[in-house]
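Q: Could we go through this structure together? I would like to begin with the overall picture and then turn to particular residues.

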Amino acid sequence: MQNHFPLWKNLLILSVFIISLIYSLPSLYGEDPSVQISSVNSQKLGQDKVAEVEAAIKAAGVTAKAFEFKDDRILVRMNNTDDQLKIADLLRDQLGKSMTVALNLAPTTPAWLRAIGAQSMYLGLDLRGGVHFLLEVDMDAAVKQAEERYVDDVRLALRNEKIRYLGVVKDSGYIKVTLKGPEDKAGLLSLLDKDFHLTLDVKEPEEQDQVWLKISELQEKEIRKLAVSQNMTALRNRVNELGVAEPVIQQQGESRIVVQLPGVQDTTRAKEILGTTATLEYRLVDVEHDVMKAVEGHPPVGSRLYYDKNGGPILLDKRIIVTGDQIVDASSGMDEDGRAAVFISLDGAGAAKMGKLTQANVGKPMAVVFIEYKVETKTVNGEKVRHKEKVEKVISVATIQGVFSKRFQTTGLDSPQEARNLSLLLRAGALAAPVDIVEERTVGPSLGQDNINKGFQSFIVGFALVVLFMAVYYKLFGMIANMALAFNVVIVVSILSMLQATLTLPGIAGIILTVGMSVDANVLIFERIKEEIRAGNAPQTAIFIGYEKAFATIIDSHVTNLVVAIVLFAFGTGSVKGFAVTLIIGILSSMFTAVTGTRMVINWIYGSRRVEKLSI
């Protein structure tokens, strides 16, 4: 029969519509403004803390929508944002600094939908709200770190080549190498020409036993450029670890990076992960000298005074065995004694150095130094001044029991949460230079809701006008096209939800545009059916020829639009990509609904009976 689909095709089309309807349902459910409470030191929270929070909220005269206690966190769902803000301020005052109180948006999707993996689509910063950070990369610190690396590299090269020297130190912007005697200078210059000629400028002072080295201007520019590039990569990896959908991470100027995190209201956690420059250093413990003399201000040559987590002094060798830059993988877990640990894998160079050192120092203690930069804003003479502090603490001292190189573990952490945070930072990559958060903005959910309302209003007006036109001009066929149009929107929303794509205001514009494009395909089909009827063909023949002959034109028009959308996606950034994604999905789904979907319904109505006249 001309206008008849086989059973399998009808079932397939219906299955697509049903699945799309189910996976689009989560977008109908909103989110509850919530307050999230967690421990700063990652200690477990008990039911007594839940009762304390509940009592504090009741005493404030506010009714909470629900209390949830899971993953060592308390989530309090509120009825509105005013109550959310009020309770957040109240709990911060009452719980003190030992607890982190953060704003949150908790989804209200039913459990049965979450069980089958149905989730609401992600909303962009302009719709959902979130946080915006402007980070400043400390370029001077990047250059200083490079100088420190060169100091170690020059020392190592001199030892490997057996060139005698008295010292390699940084002074006045130079790396000053003092040799045993002038006769060793030729060997040093040959070594520098062979291994360091692209990176260092060499200066020979009047002292015959000295050579001064300096990073060249070209290399310094490259170091600054790579610092920003590596920091962007590390930040992107850290954001991925946070689970933020479609973040925006872009360079601004020569030394600044913009980070936008849609939907994130826990700014404390975001700042902790983004702004922390964390790394490790492995050093041998100096057991030959008196640590108390170092405390009194007389550290021995070649050693440096550190403090452990409890404030106890400890003397470490100045020579660094390996650093966080040589860590290629890190994961958290528990060691054989049930203690929190980070399991670390080194690159080839780091593994070789670690293996060589542990082989020569079995039975000696080795310390792990945790280093991070913290930035605090202090008020000085009425003005806010940002103060950056380098915090170094020994987190673990252990005796080297045997030779190891590429993979080993680090213990001495306070909790599994601290181990997870440290492994996250190390796995995501160390920042090439410290970053300061110079600007922080929070886009409130109320502003995002206003954008959603305006976008939804635009969609309703456009959809209603199209539906009215099609119903009046094409009668029953127009109503079928309207039905397909509605399912087209459902399919677009469901695919966006399945892909967990981010919907922004430009994305809403793309959905509205696909509404008109979907109807355009039906207009071509219906006009061709009208032409066939005017040419004297029977209604059944007119329907068959109308769909068959219009299909080529529909393909041509949609393919050209699809090419443009793909180009937008390939070369666009940010909101342009969001528009392109919804446009691509809308074009493909409109071809399915406008051609196959309407054909199935029309076949049901007209395909199995004799028809004298069509309602078109």
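This is a predicted model: local features need pLDDT of at least 70, side-chain atom pairs count only at pLDDT 80 or more; totals for chains, interfaces and linings use all residues.

Q: How many helices and strands does the protein chain have?

A: The protein chain contains 16 helices and 23 strands. Of its 616 residues, 46% are buried.

Q: And among contacts between residues at least 6 apart, what share join residues at least 24 apart?

A: That share is 72% in the protein chain.

Q: Which residues of H3 are buried?

A: The buried residues in H3 are Asp-83, Gln-84, Ile-87, Ala-88, Leu-91 and Leu-95. Viewed down the helix axis, they fall within an arc of 130°, and therefore they line one face of H3.

Q: Why would a spacing of three or four places go with one face?

A: An α-helix has 3.6 residues a turn, so residues three or four places apart point the same way.

Q: What does the face of H3 turned away from the buried side carry?

A: That face carries the exposed residues Asp-82 and Asp-93.

Q: And what happens at the start of H3?

A: There, a side-chain oxygen of Asn-80 comes to within 2.8 Å of the backbone nitrogen of Asp-83.

Q: Changing topic, how many aromatic pairs are there?

A: The count comes to 11 aromatic pairs. In one of them, the ring centres of Phe-17 and Phe-592 are 5.9 Å apart and the planes are at 65°; the pair is edge-to-face because an angle over 60 degrees counts as such. This pair links distant parts of the chain, with Phe-17 in helix H1 (residues 7-24) and Phe-592 in helix H16 (residues 575-606), 575 residues apart.

Q: Are Phe-17 and Phe-592 buried or partly exposed?

A: Phe-17 counts as buried because its relative accessibility is 10%, under the 20% limit. Phe-592 has a relative accessible area of 24% and is partly exposed.

Q: Which residues do ring pairs link into a cluster?

A: The cluster consists of Phe-469, Tyr-473, Tyr-474, Phe-477, Phe-526 and Tyr-606.

Q: Where do lysines lie over a ring face?

A: Lys-9 lies over the face of Phe-5, at 4.7 Å from the ring centre. Lys-577 is placed over the face of Phe-569, at 5.0 Å from the ring centre.

Q: Phe-5 interests me. Which residues is Asn-10 in contact with, leaving aside neighbours within four places in sequence?

A: Asn-10 is in contact with Phe-5, Met-600 and Trp-604. Asn-10 belongs to helix H1, and at 12% relative accessibility it counts as buried.

Q: What is the phi of Lys-475?

A: Lys-475 has a positive phi of about 55°, although it is not a glycine. Most residues other than glycine have a negative phi. Lys-475 lies in helix H13 (residues 445-499) and is partly exposed, with a relative accessible area of 48%.

Q: One last item: what separates the C-alpha atoms of Ile-327 and Leu-346?

A: These C-alpha atoms are separated by 4.5 Å, while the residues are 19 apart along the chain. Ile-327 lies in strand S17 (residues 327-334) and is buried, at a relative accessible area of 9%.

How values were computed:
Residues are numbered from 1 along each chain as its sequence is written. Side-chain values use heavy atoms; hydrogens and water are left out. Buried means under 20% relative accessible area, exposed over 50%, partly exposed in between (1.4 Å probe, protein chains only). Helices (H or I, at least four residues) and strands (E, at least two) are DSSP runs, numbered from the N terminus. The arc is that of the directions from the helix axis to the C-beta atoms. A polar contact is a pair of N or O atoms within 3.5 Å; within protein, one must be able to donate a hydrogen and the other to accept it, and residues adjacent in sequence count only if both atoms are side-chain atoms. Rings of Phe, Tyr and Trp (its six-membered ring) pair if their centres lie within 6.5 Å; planes under 30 degrees apart count as stacked, over 60 as edge-to-face and the rest as tilted. A charge sits over a ring if NZ of Lys or CZ of Arg is within 6 Å of the ring centre and within 35 degrees of the ring normal. Contact means heavy atoms within 4.5 Å.
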